[in-house]
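Please work through the exercises below with the sequence and the structure at hand.

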Amino acid sequence: MEGVLEDKILLAHGSGGKLAHELVERSFVKPLANPLLAKLDDSAVFDFSGRLAFTTDSYVVSPIFFPGGDIGKLAVCGTVNDLAMSGARPLYLSLSFIIEEGLPQSELNQIVNSIQKAAREARVEIVTGDTKVVHRGSADKLFVNTAGVGIIPEGVDISGDKARPGDRVILSGTIGDHGIAVLSQREGLSFSTRLESDCASLGDLVAEMLNVSPNIHCLRDPTRGGLATSLNELAKQSKVSIRVEEEKIPVREEVMAACEMLGLDPLYVANEGKLVAIVPAEDADKFLTAMRENNYGKGAAIIGEVRAENPGRVVMETCLGASRIVDMLVGDLLPRIC
Amino acid sequence: MKFVSEFRRSELADGLISQIHRQSKTPARFMEFCGGHTVTIFRYGIRQVLPPTINMVSGPGCPICVTANADLDKALALSQVPDVIIATFGDMLKVPGSRSSLQQVKADGADVRTVYSTMDALKIAEDNPTKSVVFLGIGFETTAPTIAASILQAEEREIRNYYVLSLHKLCPPVLRAILDSGEVKLHGLICPGHVSAIIGSHPWDFIARDYGIPCVVCGFEPLDILQGVDMLVAQIENGESRVEIAYRRGVCPEGNQQALKLMAQVFEPCPAHWRGIGEVPDSGLKLRRRYQHFDAELAFNINPGPTYERVGCVCGDILRGVKTPADCPLFGKVCTPQYPVGPCMVSSEGSCSAYYSYGGGLGG
């Protein structure tokens, strides 16, 4: 069969015909090898018992390759993390591609390879999928959609409305790495940085936290909209205020510098391998210790606490000892003009 | 080298804050001209840590905010010309003109592209030879030299489908206009850092000399601003008025000669209309005759239609330092960053946006 596939994806690869079958067999089923996917039935069928977490997300990142990852790794990690933020153990993912005709086959292969690697690391299986190819200009190279299911262990009940006054806020590491790494590659903006995206699956980190105690009140992965937006969501859902200290929030010097250059605030820049946890004050240190032992929680820090007054508000104590509101992100992040 | 975190160190800030508290005896009102400074002041809560003797007011230093509706309408009209691509810095997209915004006309099908530099706009022109690219030249002395450079490049490379809508504004003339109006009594001025990196500190000399107002050119980190305030307080308590630089890492008294040369080669001063302030002589930049073929207004026959101002919006008064966002009946009610009415709420460097986003009314 070598040489049958063109080196670029054509509309015919999405037609459902022969080329499409070859593409699925060779580019997806083989590298992502698992018995459920290999059956190629219309649905993946499996047994499980317990409380189920179910999530979906679409990935349209541009460029599709960036320092520290690509759209494939992002798609796996993002969906695994959404499951983990409910305290679930991620099990199975679906994977759908919308491909713009003309995408080099080699790029698709590279992305499927990183999907395979990311899925193996997160111990999830891709069990069902779909491919569509659209006319040039109808998509930007490649869009990916994933859905995922996972099982929530007994006694775990994590939700955004469970923050209580007195709880501590823990952040798992530096913020803004992903957003700045991607921005550094944007056309017309490329600046050189050694910074890499923090894109990572946090399933194990959450499992290790749950080993300390199932009593985690809230978990959130601060992706689009950044830490500021996640904290605001939690404050509003739980009807509490959250007070954080600027100096406790870890930010890499290069992220800080890039943000200054671009007129951005790291609090609003996306992360793909970080979580924010709200936990009872008495357990905070134990959680912190456990998190720091995990590769993806080494930089964890207690950044603030939950309070009762002014529900829905996030307040930051600045490095000057003054206070200011941390609002949600409005609109898209745009560079400054002067 | 840590150019950012070193200028945010709390122990250094504490020292400066106590010094300001010790020194400041005379009540004084300081204006920070630049929107970038306004953002730093609110983001770090600087007003809260200053003694009650010091009253900070924000100035007109946000290029988007001071762009008149009539000028925004020209940009919107240009976007409707067939085969015209509008290239603009991103902050402009959301700003409402009389009837629409670039964001809205883009959604309706106009070709509006966000660029990060003028050279990107030039590249779009090269890549689309059958179309015309109009770059929206909105900004102060900071952006004008790069736009001048793009025009010289276009000339040299014979790119004939590149145009500029020059709405540039110059800072020193508008400060003179504000001071001459006598509406706001100022005792000190925090001069813009980036603008001064281009023009130097000498263009502010007239303020210290003719109006007796101390001036300090500041950077954009919290320590820069605190140092600037400290230097202003020192001048006031010593009865002096001079222009000082608290931003030596970015500004020298003579400015950036190369950038100034580029600017002077391509542009010449002209009257400009400032929102809330009106027409100020010699406060704008237009293309010199030699480069007029790059002038979008001359190249395209546009009719922007009548101009409307929004009822109740006091952006104009806020830009002059006469009112604060809290004085505006629309602020935080019908005018928010999600649904901005006036430009000071749209631009990330606008006073209303900074005041709203960082909770200017938060108190202690």
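The model is predicted: local features need pLDDT of at least 70, side-chain atom pairs count only at pLDDT 80 or more, and totals for chains, interfaces and linings use all residues. Residues are numbered from 1 along each chain as its sequence is written, and chains are lettered from A and ligands numbered from 1 in the order in which they are written.

**Exercise 1. The domains of chain A**

Task: State into which domains chain A is divided, and describe the side of domain 1 of chain A that touches domain 2 of chain A.

Solution. 

Step 1. Chain A consists of domain 1 (11–152) and domain 2 (168–325); such bounds come from an automatic or database domain assignment. Between the C-alpha centres of these two domains of chain A lie 27 Å.

Step 2. In the contact, 21 residues of domain 1 of chain A meet 22 residues of domain 2 of chain A. Two residues are in contact if their C-beta atoms, placed from the backbone, lie within 7 Å.

Step 3. On the domain 1 side, helix H3 (71–84), strand E4 (89–100) and helix H4 (105–122) of chain A give two or more residues each. Helices (H or I, at least four residues) and strands (E, at least two) are DSSP runs, numbered from the N terminus. H3(A) provides the largest share of this side, eight residues.

Step 4. By class, this side of domain 1 of chain A holds 13 nonpolar, five polar and three charged residues. Ala, Val, Leu, Ile, Met, Phe, Trp, Tyr, Cys and Pro count as nonpolar, Asp, Glu, Lys and Arg as charged, and the others, Gly among them, as polar.

**Exercise 2. The sheets of chain A**

Task: Give the strand order of the four-strand sheet and of the seven-strand sheet of chain A, and find bridge partners within them.

Solution. 

Step 1. The four strands of the open sheet follow the order E1-E6-E4-E5 (chain A), with mixed pairing. Strand E1 (51–59) and E5 of chain A are the edges; each has a single partner strand, so one side of each lacks a neighbour in the sheet. Two strands pair if DSSP finds at least two bridges between them.

Step 2. E4(A) pairs with strand E6 (residues 142–152) of chain A in the antiparallel sense over ten bridges, and A:Pro90 stands opposite A:Gly150 in E6(A). With strand E5 (residues 125–134) of chain A, E4(A) pairs in the parallel sense over nine bridges. In E5(A), A:Thr128 is the bridge partner of A:Ser94, and A:Val134 is that of A:Glu100.

Step 3. The seven-strand open sheet has the order E8-E10-E7-E11-E9-E12-E13 (chain A), again with mixed pairing. Its edge strands are strand E8 (218–220) and strand E13 (323–325) of chain A, each pairing on one side only. On average, neighbouring strands of this sheet are turned by 25 degrees against each other, direction ignored.

Step 4. Strand E7 (residues 168–171) and strand E10 (residues 276–279) of chain A form an antiparallel pair with four bridges. There, A:Ile170 stands opposite A:Ala277 in E10(A).

**Exercise 3. Helices H1 and H12 of chain B**

Task: Describe how helix H1 (residues 10–23) of chain B packs with helix H12 (residues 222–237) of chain B.

Solution. 

Step 1. Two packed helices are described by the angle between their axes and the distance between the axes. H1(B) and H12(B) pack at an angle of about 20 degrees, and their axes are 10 Å apart. That makes H1(B) roughly parallel to H12(B). Axes are lines fitted to C-alpha atoms, for helices over the stretch in contact, and angles run from 0 to 180 degrees between N-to-C directions. Angles under 35 degrees count as roughly parallel, over 145 as roughly antiparallel, 65 to 115 as roughly perpendicular and the rest as oblique.

Step 2. The crossing of H1(B) and H12(B) is left-handed, that is, the near helix is turned anticlockwise from the far one by less than a right angle (right-handed if clockwise).

Step 3. Among the residues of the contact are B:Leu12 and B:Leu16 of H1(B) and B:Leu223 and B:Leu226 of H12(B). The contact comprises eleven nonpolar, three polar and two charged residues.

**Exercise 4. Helices H8 and H13 of chain B**

Task: Is the crossing of H8(B) and H13(B) left-handed or right-handed, and which residues meet there?

Solution. 

Step 1. Helix H8 (residues 144–156) and helix H13 (residues 257–266) of chain B pack at about 60 degrees, with axes 8 Å apart. H8(B) and H13(B) are therefore oblique to each other.

Step 2. The crossing of H8(B) and H13(B) is left-handed.

Step 3. Residues of H8(B), including B:Ala148 and B:Leu152, meet residues of H13(B), including B:Leu262 and B:Met263. This contact has ten nonpolar, one polar and no charged residues.
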